[in-house]
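Open the model in your viewer, keep the selection tool handy, and let's walk through it stop by stop.

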Amino acid sequence: MNQSSTTMPKIQRDSLLTLESYARQRADFRARVIEHKKHRTVQLGDSVTLIFEDELTIRYQIQEMLRVERIFEEKGIQDELETYNPLVPDGRNFKATMMLEYPDPEERQRWLSKLIGVEDKVWIQVRGFERSWAIADEDLERENEHKTSSVHFLRFELTDDMARALKSGVGLSMGIDHPQYQAGLEVPAAVRDALAKDLA
């Protein structure tokens, strides 16, 4: 695969807000992120949601972790950056948080046992190209022989040609092809355009 040398910027230590500054700005920041996520969220079937992460959504997660854990020492801040920065797309991929949502606990347990391996069966497809299958949970193993997790982290790699096509406005579809769960859709133009901005 032909890799682009351009990468999207990672979140730098000196760009983070202090706990006090974040507390003052949190309501506005949170509202901005919620609005931003509207065009980065894809529902696949009744029970699976993909939220495509980028610099802003991951920055918010870092600031929230620092706030909740009351982290202000340098090592702790650096640890959070090292944990979350890999979830920022690098200019030739999309990165998404996948959530399996079943409100009833018993139903959730039943489905998580049926959906083992579902995280590896998620795909995206730029029109005119082959599907790109998810590379799941590179940070840690999230399933065992009995059940999968309700949250997974996915990476979808794109070739230079796919990225160019997507930025020129061709269609994008996504889906899941698992024996127990099939779904697929053409991504709305607003979502496709938002994701195309992740590409260098």
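Before the first stop, one convention: two strands count as paired if DSSP finds at least two bridges between them. Helices (H or I, at least four residues) and strands (E, at least two) are DSSP runs, numbered from the N terminus.

Please keep in mind that this is a predicted model, in which local features need pLDDT of at least 70 and side-chain atom pairs count only at pLDDT 80 or more, while totals for chains, interfaces and linings use all residues. Residues are numbered from 1 along each chain as its sequence is written, and side-chain values use heavy atoms, with hydrogens and water left out.

**Stop 1: strand S8**

Start by selecting residues 172-178, which form strand S8. This strand is mostly covered, with 6 of its 7 residues buried; buried means under 20% relative accessible area, exposed over 50%, and partly exposed in between (1.4 Å probe, protein chains only).

Pick Ile 176 and you will find Ala 183 of S9 opposite. Follow the chain from S8 to S9 and you pass through a hairpin of 2 residues.

Next, show strand S4, residues 122-126, which runs antiparallel to S8 and is joined to S8 by 5 bridges. Here, Gln 125 has Ser 173 in S8 as its bridge partner.

**Stop 2: helix H6**

Select residues 189-196 to bring up helix H6. Which of the residues of H6 are buried? They are Val 191, Arg 192, Ala 194, Leu 195 and Ala 196. Among the elements that cover them are S8, helix H5 (160-167) and strands S1 (41-44), S2 (48-53) and S3 (93-100).

**Stop 3: Phe 94 in S3**

Move to Phe 94, which lies in strand S3. Phe 94 is buried, at a relative accessible area of 0%. Beyond its neighbours within four places in sequence, its contacts (heavy atoms within 4.5 Å) include Phe 52, Ile 124, Leu 166 and Leu 195. For a distance check, select Ala 163 too: Phe 94 and Ala 163 are 69 residues apart in sequence and 11 Å apart in space, C-alpha to C-alpha.

**Stop 4: Thr 49 in S2**

Finish at Thr 49, found in strand S2. Is Thr 49 buried or exposed? Thr 49 is buried, with a relative accessible area of 6%. Not counting residues up to four places away in sequence, Thr 49 touches several residues, including Thr 41, Val 42, Thr 97 and Met 99. Show side chains to see the polar contact of 2.9 Å between Thr 49 and Gln 43; such a contact is a pair of N or O atoms within 3.5 Å, where within protein one must be able to donate a hydrogen and the other to accept it, and residues adjacent in sequence count only if both atoms are side-chain atoms.
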